[in-house]
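Take a look at the chain below. The report then covers its helices, its surface and its charges.

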Amino acid sequence: MKEKSYTELMKMSGSKRKNQKESFVLDLYLDMLISEVLLNNEKEKLMKKIDAAIDEGNKPAFMHYSKKYKELSKRFGT
């Protein structure tokens with residue numbers, strides 16, 4: 001088996017670190033994307049419930065779902 005030179009080992013090490021950084025960034029982007037999709041989905045569900053409460057004239061339900069929507073928006077800064 002051929003031994004690798006110091007230069008080759010350093011290049012391989014640098015390449016591994018670069019790949020790890022790229023992988024970390026991709027994982028971070030995926031986490032952000034999934035979080036945003038889940039947030040938008042939850043907001044959409046709450047908006048439908050708010051609309052239904054308005055249509056039905058159900059003030060307690062409207063207040064409850066509006067409060068949940070505000071809390072969700074506040075928590076995620078949207």
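## Terms and model

A residue is buried under 20% relative accessible area, exposed over 50%, and partly exposed in between (1.4 Å probe, protein chains only). By that rule leucine 28 is partly exposed, at 40%.

The model is predicted: local features need pLDDT of at least 70, side-chain atom pairs count only at pLDDT 80 or more, and totals for chains, interfaces and linings use all residues. Residues are numbered from 1 along each chain as its sequence is written, and side-chain values use heavy atoms, with hydrogens and water left out.

## Overall build

The protein chain has two helices and zero strands. Both terms refer to DSSP runs, numbered from the N terminus: helices are H or I with at least four residues, strands are E with at least two.

Of the 78 residues in the chain, 12% are buried. The chain exposes about 7,100 Å². Carbon and sulfur atoms supply 59% of that area. Accessible areas come from the Shrake-Rupley method with a 1.4 Å probe; for residues, only the protein chains shown count as cover.

## The salt bridge

A salt bridge needs a side-chain nitrogen of Lys or Arg within 4 Å of a carboxyl oxygen of Asp or Glu. The count here is one. Glutamate 44 pairs with lysine 48, and their closest N and O atoms are 3.5 Å apart.

Both residues lie in helix H1 (residues 6–56). They are four residues apart, about one turn of the helix. Glutamate 44 is partly exposed at 45%, whereas lysine 48 is exposed at 54%.

## Surface patches

Patches use residues with over 30% relative accessible area and no salt bridge; like charges are joined within 9 Å, nonpolar side chains (Val, Leu, Ile, Met, Phe, Trp, Tyr) within 5 Å.

Phe24, Val25, Leu26, Leu28, Tyr29 and Met32 form a nonpolar patch. Together they have about 640 Å² of accessible area. Leucine 28 lies in helix H1.

Lys45, Lys49, Lys68 and Arg75 gather in a positive patch. H1 and helix H2 (59–76) each give two or more residues to this patch. Lys and Arg count as positive, Asp and Glu as negative; His and the chain ends are not counted. Each charge is placed at NZ of Lys, CZ of Arg, CG of Asp or CD of Glu. Lysine 45 lies in helix H1 and is partly exposed, at 45%.
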